[in-house]
Amino acid sequence: MTKFYKFKFKHITDARGTIGIIEKKIKFKINRVYYFNTKKDSVRGLHSQKKNECVLIPVIGSLNVQLVFDNKTKLIKLNSKKFDALYISNLVWRKLYNFSDKNLCIVLNSQRYNKNDYIFDLKKI
């Protein structure tokens, strides 16, 4: 099973602006969408999920994502200007940090919110 993959989404730019298109890259049915913006020095995430898969899409700004799985750690940098997105499988710990001053991130999820799906103890993954 693929634990994560970074991808660039298609975009079309003309005199009016830019449209970002995300299709064919998401392998799950989207059941929940949310967005967040955060203070530059904040840390988000610090959890994994038992069933939920997600895609992070920085719409404005940039952030770093640290992933932990199978005794490995990966650092992924995401930037809205590069049309980056990141798929994260279930049972992958994530830490989101180093946000740009102005930021907005959309998260597409395979599952509806379920507080029992979250794992906050990294040792339990």
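Entry: I looked up lysine 6 and found it partly exposed, with a relative accessible area of 41%. My cut-offs: buried is under 20% relative accessible area, exposed is over 50%, and partly exposed is in between (1.4 Å probe, protein chains only). Before going on, I note that this is a predicted model, where local features need pLDDT of at least 70 and side-chain atom pairs count only at pLDDT 80 or more, while totals for chains, interfaces and linings use all residues. Residues are numbered from 1 along each chain as its sequence is written, and side-chain values use heavy atoms, with hydrogens and water left out.

Which residue does lysine 6 meet in a salt bridge? It is aspartate 84, at 3.7 Å from N to O. (A salt bridge here is a side-chain nitrogen of Lys or Arg within 4 Å of a carboxyl oxygen of Asp or Glu.) Lysine 6 sits in strand β1 (residues 4-8) and aspartate 84 in strand β9 (residues 84-88), so the pair ties together parts 78 residues apart in sequence. Strands are DSSP runs of E, at least two residues, numbered from the N terminus.

**Entry: aspartate 84 again.** I checked its accessibility: at 1%, aspartate 84 counts as buried. Aspartate 84 also meets lysine 8 in a salt bridge, 2.6 Å from N to O. Lysine 8 lies in β1 and aspartate 84 in β9, so this pair ties together parts that are 76 residues apart in sequence. Lysine 8 is partly exposed at 47%. I wrote down Lys6, Lys8 and Asp84 as a linked network of salt bridges.

**Entry: the hairpin.** Next I looked at β2 (residues 10-14) and β3 (residues 17-21), which pair antiparallel over five bridges. Two strands pair if DSSP finds at least two bridges between them. They form a hairpin with two residues between them. Histidine 11 has glycine 20 in β3 as its bridge partner. Arginine 16 makes a salt bridge with aspartate 14, with the closest N and O atoms 2.5 Å apart. Arginine 16 is exposed at 75%, and aspartate 14 is partly exposed at 34%. My salt-bridge count comes to four.

**Entry: the open sheet.** What is the order of the five strands? I read β8-β7-β10-β5-β12, with antiparallel pairing. β8 (72-79) and β12 (118-119) stand at the edges with a single partner strand each, so one side of each has no neighbour in the sheet. Inside the order, five bridges join β7 (residues 62-69) to β10 (residues 93-97), and valine 68 stands opposite tryptophan 93 in β10.

Technical notes. Helices (H or I, at least four residues) and strands (E, at least two) are DSSP runs, numbered from the N terminus.
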